[in-house]
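The sequence and structure are shown below.

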Amino acid sequence: MGIIGKLFKRQILVPKKLPAGSFVISRRGEILVSTFTLGVSQPVLIGIGGVVMRAFTRAEESGVPLHQLEVYYGALRVTAKRTRVGAIVFLTPQSAFEKKPESETTTIPRSHD
Amino acid sequence: MVKDQQLEILLLDDDVDLLQSYKQLFEALPNAPVVYTATNGPQAIKILEVEPIKVFVCDLMLPRMDGLQVLSVVKHRFPHVRTVVLTSVVDEEIRSRVYSLGVDLFWQKPSNEEELRMFLECVSSLLDQSVETSGFRGVQNKSLVDIIQLECLTQTTGILKVTNGPLEGKIWFQQGEIIDAETEGMFGEEAFKRIISWKEGAFEILPVDEARPRRIRKAFNALLLEAAQALDEKNQVASAEVAEAKQTARNKLLELIGDFNGIEFVLVQRGNGVVEAVGVDNPQRFVGWVNQVVTEFQVLGVQIQAGPLREIVGVGPQRNLGVIPLESGAICVGWHFNVPGEEVRELSRKVFARWES
Amino acid sequence: MTKKKVEKVLEQVESFLECWKQFNHYLGLAHAKKFKPEDEAHFLELKSLIVQQLEFVFAAIESGCPPKEDVLNLISGAPSLRFLSELPEQSLRALESQWHKIYIAWLSVLGQLKVHYQSDDSKSILGGILKGKKE
């Protein structure tokens with residue numbers, strides 16, 4: 001049972017968590033500041049920021065300037081706000097079990113009219 | 001087997017003991033493949049660059065490049081390689097992410113001999129198949145007509161089982177004569193003509209399990225000739241239908257613009273490069289941007305394992321854009337700038353749903 | 001301080017100002033009482049970015065800046081969008097006014113930096129403004 005025995009050990013695996021936080025990326029693709037923990041690698045943020053900046057740049061070159069991008073994945077939302085120096089990027093993991101009405105806005109009655 | 005046709009498997013796992021165990025098991029398969037091993041993604045890719053690997057078996061939890069990243073690189077650079085994920089991770093979302101990458105098989109690491117036997121059979125079956133972007137998997141570069149002719153000429157008695165995505169069909173042979181066919185609730189010649197019209201899929205030869213009543217009496221040559229003629233006629237009709245379909249699509253887009261307040265244009269970009277657009281003079285300037293963002297964000301999503309790309313919303317001073325990736329291509333809806341950005345996503349989805357219906 | 005380091009400081013100040021402008025956008029959302037849970041999350045993130053950048057800028061610039069406490073006090077007074085939306089109109093206006101004052105002050109700092117960066121006497125004058133490492 002030598003080979004078979006080695007094959008059948010089960011590992012307990014924890015699914016990777018998606019990064020949650022924000023960062024500022026410059027036009028040159030440098031991360032100027034971020035709120036992520038050290039566990040989130042810089043190349044990942046630079047990768048995300050790079051795609052975001054190229055999307056903004058290409059939109060401008062195509063004559064469709066944008067000041068905000070929202071990218072919805074199954075498990076993550078990327079919100080990017082364009083600035084003069086680059087972009088502010090927010091990463092928000094999404095739960096498959098959350099059901100939020102898409103265009104709900106929170107309206108609070110004014111208490112001091 | 002001639003040496004240069006020897007089948008090759010590449011195994012990727014960071015568990016060296018496991019690698020060696022599976023290597024021995026694969027080498028003992030009836031197809032007697034040559035088995036290469038790697039413990040990390042870059043190493044595996046280097047091997048793929050130099051060796052004609054047929055099947056790539058990959059773990060998901062790896063150092064440096066994780067399994068999903070490796071797989072997306074392999075599917076992109078080596079599309080002819082059959083891919084198998086062998087993992088301890090049991091997660092429905094991961095499984096659907098893996099299959100959405102185009103992986104051939106997702107298998108949880110076997111926990112007993114029976115599971116192991118089934119897994120090895122699947123890998124062996126994949127080794128015998130080749131990947132074609134179209135055509136039939138089973139014999140390289142053969143059309144279904146060729147395969148049927150071969151079965152007839154070699155006086156086969158058996159069942160040719162053909163699968164085309166969710167569809168399945170069977171053709172019965174008896175000493176080289178086609179005696180029956182069955183698919184989608186049809187039998188006989190009708191079923192045969194339907195099966196032969198499929199442009200791609202996979203096939204396998206099965207033994208006859210019981211006597212099959214004869215429903216087809218024509219000789220195979222006549223059957224194939226009639227089927228070829230029917231396909232020609234279908235192609236001619238298809239050209240006319242394409243033109244009509246284009247006009248219908250345009251009308252549909254016009255209808256959408258009329259039905260939604262604030263919509264400026266709708267642009268549908270197909271994977272084959274065809275663009276249908278209404279409401280915009282120069283659709284090409286949007287097409288380039290749409291292509292780029294959809295492609296780059298899809299690749300990014302795979303890299304960071306964020307799941308499938310659902311929508312992209314762009315908010316700008318002149319107009320807002322809602323982009324929804326299609327199976328092949330994308331739909332882009334342009335909205336007037338005073339349509340609130342937070343509503344663009346939901347409205348674009350409604351437009352997409354109307355378009356799809 | 002080398003030109004490259006000055007550029008870096010300029011970039012950080014500009015970035016800080018852009019984040020500061022975004023802060024006002026969220027004040028507006030709170031004032032209009034039109035914000036979603038994700039806006040609340042983004043507001044918190046933005047404050048984190050602003051505070052971090054502020055530390056960087058103060059580490060690089062010695063004098064001539066608006067007091068750090070002004071920025072921190074304003075941020076402390078805005079714990080959440082919900083809180084801001086429930087403030088009396090007068091308090092909200094005061095916040096906006098304070099925000100604007102700080103914004104103008106930092107614009108002025110940026111302007112000074114750019115002028116000195118472009119001038120020929122940048123080295124000696126910058127030495128008075130910027131903290132430089134002994135090279």
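## Contact between chains A and B

How many residues of chain A are in contact with chain B, and how many of chain B with chain A? In this predicted model, 37 residues of chain A are in contact with 48 residues of chain B. On the side of chain A that touches chain B, the elements giving two or more residues are helix H1 (2-7), helix H2 (42-61) and strand E3 (68-73) of chain A. H2(A) gives the most, with eight residues. By class, this side of chain A has 22 nonpolar, eight polar and seven charged residues.

Strand pairing also links the two chains. E3(A) is joined by six bridges to strand E14 (residues 309-315) of chain B, and the two run antiparallel. Within E14(B), B:Ile312 stands opposite A:Val71.

H2(A) packs with helix H9 (residues 284-304) of chain B at an angle of about 170 degrees, and their axes are 10 Å apart. As angles over 145 degrees count as roughly antiparallel, H2(A) and H9(B) are therefore roughly antiparallel to each other. From H2(A), the contact is made by A:Val44, A:Gly47, A:Ile48, A:Val51, A:Arg54, A:Ala55, A:Arg58 and A:Ala59. From H9(B), the contact is made by B:Trp289, B:Gln292, B:Val293, B:Glu296, B:Phe297, B:Leu300, B:Gln303 and B:Ile304. The residues of this contact divide into ten nonpolar, three polar and three charged.

## The sheet formed by chains A and B

An open sheet of ten strands, with antiparallel pairing, has the order E2(A)-E1(A)-E5(A)-E4(A)-E3(A)-E14(B)-E15(B)-E16(B)-E12(B)-E13(B). E2 of chain A and strand E13 (275-278) of chain B stand at the edges, each with a single partner strand, so one side of each is left without a neighbour in the sheet. From one strand to the next, the twist averages 15 degrees.

At the chain B end of this order, strand E12 (residues 263-270) of chain B is joined to E13(B) by four bridges, and the two run antiparallel. B:Val266 stands opposite B:Val278 in E13(B). H2(A) packs on the sheet, where H2(A) touches E1, E2, E3, E4 and E5 of chain A together with E14 of chain B. The direction of H2(A) makes about 120 degrees with that of E5(A).

## The parallel sheet of chain B

Chain B also has an open sheet of five strands in the order E2-E1-E3-E4-E5, with parallel pairing. Its edge strands are strand E2 (34-38) and strand E5 (105-108) of chain B, each of which pairs on one side only. The twist averages 20 degrees from one strand to the next.

Four bridges connect strand E1 (residues 8-12) of chain B with strand E3 (residues 55-58) of chain B, and these strands run parallel. In E3(B), B:Phe56 stands opposite B:Leu10. Helix H1 (residues 16-27) of chain B packs on the sheet and touches E1 and E2 of chain B; the direction of this helix makes about 165 degrees with that of E2(B).

## Contact between chains A and C

The contact of chain A with chain C takes 22 residues from chain A and 23 residues from chain C. Strand E1 (21-26), strand E2 (31-34), strand E4 (76-82) and strand E5 (86-93) of chain A are the elements that give two or more residues to the side of chain A that touches chain C. E1(A) gives the most, with four residues. By class, this side of chain A has seven nonpolar, twelve polar and three charged residues.

## The helix pair of chain C

Helix H1 (residues 3-32) and helix H2 (residues 37-60) of chain C pack at an angle of about 150 degrees, with their axes 9 Å apart. That angle makes H1(C) roughly antiparallel to H2(C), and their crossing is left-handed. Among the residues that meet are C:Phe16, C:Trp20 and C:Phe23 in H1(C) and C:Phe43, C:Leu46 and C:Phe56 in H2(C). The residues of this contact divide into 16 nonpolar, four polar and one charged.

## Confidence in chain B

The mean pLDDT of chain B is 81, and 87% of its residues reach 70 or more. Over residues 131-141 of chain B, pLDDT stays under 50; the model has 28 contacts beyond four places in sequence for these residues. Where pLDDT is low, the predicted coordinates should not be read in detail.

How values were computed
Residues numbered from 1 in each chain as written. Chains lettered and ligands numbered in written order. Predicted model: local features only at pLDDT ≥ 70, side-chain atom pairs only at ≥ 80, totals over all residues. Contact = placed C-beta atoms within 7 Å. Nonpolar A, V, L, I, M, F, W, Y, C, P; charged D, E, K, R; others polar. Pairing = 2+ DSSP bridges. Axes fitted to C-alpha atoms, helices over the stretch in contact; angles between N-to-C directions. Parallel < 35°, antiparallel > 145°, perpendicular 65-115°, else oblique. pLDDT = per-residue confidence, 0-100. Left-handed = near helix turned anticlockwise from the far one by under 90°.
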